[in-house]
Amino acid sequence: MTHEDDLDEGRLSAEWEGDIEVLKSLRRNGDDARITRPVDVRFVGPAENIQAFAKAAAGWEVIQIVDLGDELALDVRRNQTTEDSAIRALTVDALAEEKKRGVRYDGWGTVAQKKKRWFGL
């Protein structure tokens, strides 16, 4: 597991500021952060690095590789909550992968999940 101390503090701070805005938007849309759901992450980089990452993407489910012309994008997924601590951990892990794999972390996304309400008959 990666520790935040191993990452560029400025980069992590900038990503976290963006994450906070996405989390606020999810919450405004009624998201229950405690619900586990798919969270998609995108990495972009040279074809060789993206293809190697896709083969060794432990902890991530590979969704697709997209040809962007001069580089490739790798879309991966993991199931988790959108609680602040879980998203922070996701961002730390993604930035660690970026550093390790020679790719660029391009962000994450998910759909707001609302608690299901059951009505008795």
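Trainee: What should I know about the model before I start?
Mentor: It is a predicted model, so local features need pLDDT of at least 70 and side-chain atom pairs count only at pLDDT 80 or more, while totals for chains, interfaces and linings use all residues. Residues are numbered from 1 along each chain as its sequence is written, and side-chain values use heavy atoms, with hydrogens and water left out.

Trainee: Okay, how many helices and strands are in the chain?
Mentor: The chain has three helices and four strands. Helices (H or I, at least four residues) and strands (E, at least two) are DSSP runs, numbered from the N terminus. From the N terminus on, the order is α-β-α-β-β-α-β.

Trainee: And what does the C-alpha trace span?
Mentor: About 55 × 30 × 25 Å along its principal axes.

Trainee: How do α1 and α3 cross?
Mentor: The axes of helix α1 (residues 9–28) and helix α3 (residues 84–101) come within 10 Å and cross at roughly 140°. Those axes are lines fitted to C-alpha atoms, for helices over the stretch in contact, and angles run from 0 to 180 degrees between N-to-C directions. The two helices are therefore oblique to each other; angles under 35 degrees count as roughly parallel, over 145 as roughly antiparallel, 65 to 115 as roughly perpendicular and the rest as oblique.

Trainee: Which residues make that contact?
Mentor: On α1 they are R11, L12, E15, W16, D19, L23 and R27, and on α3 they are D84, I87, R88, T91, V92, L95 and E98. Contact here means heavy atoms within 4.5 Å. By type, the residues of this contact divide into six nonpolar, one polar and seven charged. For those classes, Ala, Val, Leu, Ile, Met, Phe, Trp, Tyr, Cys and Pro count as nonpolar, Asp, Glu, Lys and Arg as charged, and the others, Gly among them, as polar.

Trainee: Let me pick E15 from that list. Is it buried or exposed?
Mentor: E15 is buried, with a relative accessible area of 19%. Buried means under 20% relative accessible area, exposed over 50%, and partly exposed in between (1.4 Å probe, protein chains only). Leaving out residues up to four places away in sequence, E15 touches T91, L95 and Y105.

Trainee: Changing topic, how many aromatic pairs are there?
Mentor: The count comes to three aromatic pairs. The rule is that rings of Phe, Tyr and Trp (its six-membered ring) pair if their centres lie within 6.5 Å; planes under 30 degrees apart count as stacked, over 60 as edge-to-face and the rest as tilted.

Trainee: Why is the F43 and F53 pair edge-to-face?
Mentor: Their ring centres are 4.9 Å apart and their planes stand at 70°, so the pair is edge-to-face. F43 lies in strand β1 (residues 37–45) and F53 in helix α2 (residues 47–55), so the pair ties together parts ten residues apart in sequence. Both F43 and F53 are buried.

Trainee: And what about F43 with Y105?
Mentor: That pair is tilted, because the ring centres are 6.0 Å apart and the planes are at 50°. Y105 sits in strand β4 (residues 104–109) and F43 in strand β1, so this pair ties together parts that are 62 residues apart in sequence.

Trainee: Which residues do the ring pairs link into a cluster?
Mentor: F43, F53, W60 and Y105.

Trainee: Last one: where is A56?
Mentor: A56 is in the loop between α2 and β2 (61–67), and A56 is partly exposed, with a relative accessible area of 36%.
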